[in-house]
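I opened this entry to record what I looked up, one item at a time. The structure goes in first.

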Amino acid sequence: MTDVGSPPYPPKSPARGRLLGVAQKWLPRLLASATVASVVAWTPFFWAPAEIVASGLSVHFEGAIDGMPADTKRLLREVALVKIDDAHYHAAYDARSPLDRCVMAADLERLFGLPKLQLVAVDFDLSPYRVARGEDAECQKRINQTLDTFAKRDASARPSRPRLILMKPYAVSDDAGVRATMVNEWQAARTAAGAQFAHVEIQTNFGMPRRVIPFAGEDPALGLAFRQALLNDAHLETEKDRHAYRQIAIRSTDALFSMGSAVSMNDVCRPGIDETKVCSDIKAAIVGSGYSPDDRYSTFAGPRDGVDLHAALAICPRAGATHLQHFVVDVVLGVFLGWVFGVCWRGYYNTVSGERLKEATASAGRPSGRKKSGFLQWATPQRPEAAYGWLVWMVILGAVLLVFIGMASLAIFGGVCSTAIFPAGIVIGMFIEAAVVQGPEAAAEKLHEPERRAGSSAPPSSDRRFLGFQSRHAAFKTAVALLFSVGTFIYLLLYG
C-alpha cells in the first residue's frame, strides 16, 4: 500500500531524465527529417524545377580556370571542338539531312590528315541509314574506308587505347529487317578495325541538360570514353554502375572555348600563301554538329550543342553525389531545418499571445546591464499584430540556407569543373512539414501550457512518451514513417 504522501511514480535519476529528454526532443525530429528526405528521394521529378532554378544561379559564381588539376589543363590545351557549323552545312551539305556521305568522307579525310592528330571522337551516326545503291553505295564505302584507315593507323603504338571513337548507331527496331542487319554488320566491321563505340545520351530535366550515365549497357559515354583514351583513367574504365551518374559542368564549356580551340570543319586546313595549306595543330578532336537545333540545349550559361557537353564531360568527369549520399545530407539538413522552423513557430505563438511584448517591456525597465539586446531582439517582432514576421523569417532562413549550401559546395569543389549542390527538395519539404505538423503542434503546446504550469499528477512526459508513442494512432504513424525511412535507406544503400 502506498503512503498518502509518497509520489505515485518512482523518481528517476537525473542522468536518465536528461537522456530521455534529449531522445524525446531529437528523435521525433530525426524521424520527421528522414521521412521528408525519403519522400524527396522517391519524387525527384517534383523538386527538379526548384533545383534547376537554384543551380542555374550558380553558373555566375562558379570558379575560373585557375587551380584546376593538371590533367584538366592538359586536356583544355589539347582538345579541339570541330563542328560542322551552319555556314558549312548550307554550303557543302545543301542543308540536307541525313548528311551527304561523300561530303562527310571528304571532311573526315581532311581532318584525319592533320599531322599531329592522335584521337578523334565523332558525334555523328555514320552507319548506313538506308539500303545504298549506285553513288550512295560508293559514298558509304568511302566513308567506311576513311574510318577504318584512321582507326588502324599506328595501332602498335596504342594497343590498349583506340584512335577512333564513334557514336553508337541509333537503335533500330527488330522489325526493320534489312537495315537492322546492315547496321549491326557495319558496327561489327568498325569494331574489328579498332574503333570504339560510345553512347551519346544526355539526361535532361525540363529541357535542361543535367547529367550523363557512365555506361549504357557496355557502351561508355562519349565524353568519358574520349578522356579514357587520352589519359587512360583507370577509374573511368572500371566504373560501370548505372546509378553513379555524371553531372555536366556547364561552365567547363567556356573554358574549352577560352583555353582550347573551337574550329569549323572547313577551317582545319585552309589555303595559305603560295598555294600551301595551313592546318590546325590539333592533337585530339571531338567532332559534332554546330548547326542542328535538335542537338542544341538551353542552359543558364547560354545555348550549348551536344558536342560541347560531351567535351565538357571529357574535361570535367566529376561524378555526382550518389542518391544515398544525397539522402544522408538531406536528413542531417532536415534535422537542423526542423529545429530552426520550430523556433520560428514558438516565437510566432509567443508573440501572438503577447508574451514577447511583456518580456520586451520588462526588459526595458531593467538596469542597462541586464537589458536584452542584439540583432535577434531587434529583428524579430514583439507586438502581436506583427507576429507574421516569424513566418517571413522561416522563408528567409530556408532560402539563405539553400544558397549558403550551394555556395559552400562551389567553394569546396572550386574551378570550372564544379557543380553546385542545392538541396531545394529537402528545404521545401521541411517547410511544408513545418507548416502542416510543427505549426499545429506548437499551437497545441501553447494551449496546454497553463495546465503544465499548474502541475499534474500524471507521470512526466519523458517517461510515458518516446518518439510520440502517446496513443495508438501516433504509434501507428510513427511505425509507418520509421519503416518508410529505413526502407528507403536500405534501398539506396543497395542500389543507390
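Predicted model: local features only at pLDDT ≥ 70, side-chain atom pairs only at ≥ 80, totals over all residues.

**Core and helix α6**

The core holds 33 residues, and L111, L126 and L164 touch the most other members. I then listed where its residues come from: β1 (79-85), α4 (86-93), α5, β2, α6, β3 and β13 (284-290) each supply at least two. The most comes from α5, which gives five residues. As background, I noted that nonpolar side chains tend to be buried together in soluble globular proteins.

Next I took L164 and set aside its neighbours within four places in sequence. What is L164 in contact with? I found F112, L119, V120, V122, L147, F150, A151, A195 and Q196.

I read α6 as residues 135-152, 18 residues in all. From first C-alpha to last, α6 reaches 26 Å, close to the 26 Å expected at 1.5 Å a residue.

My last item was D148, which is found in α6. Is D148 buried or exposed? D148 counts as buried because its relative accessibility is 15%, and the cut-off for buried is under 20%. I found a polar contact of 2.7 Å between the side chains of D148 and R190. Leaving aside neighbours within four places in sequence, D148 is in contact with R190 and A193.

Terms used: Residues numbered from 1 in each chain as written. Heavy atoms only, no water. Helix = DSSP H or I, 4+ residues; strand = E, 2+ residues; numbered from the N terminus. Expected span 1.5 Å × (residues − 1). Buried < 20%, exposed > 50% of the residue type's maximum accessible area, 1.4 Å probe, protein only. Polar contact = N/O pair within 3.5 Å; in protein donor to acceptor, adjacent residues only side chain to side chain. Contact = heavy atoms within 4.5 Å. Core = buried A, V, L, I, M, F, W, Y, C linked by side-chain atoms within 4.5 Å.
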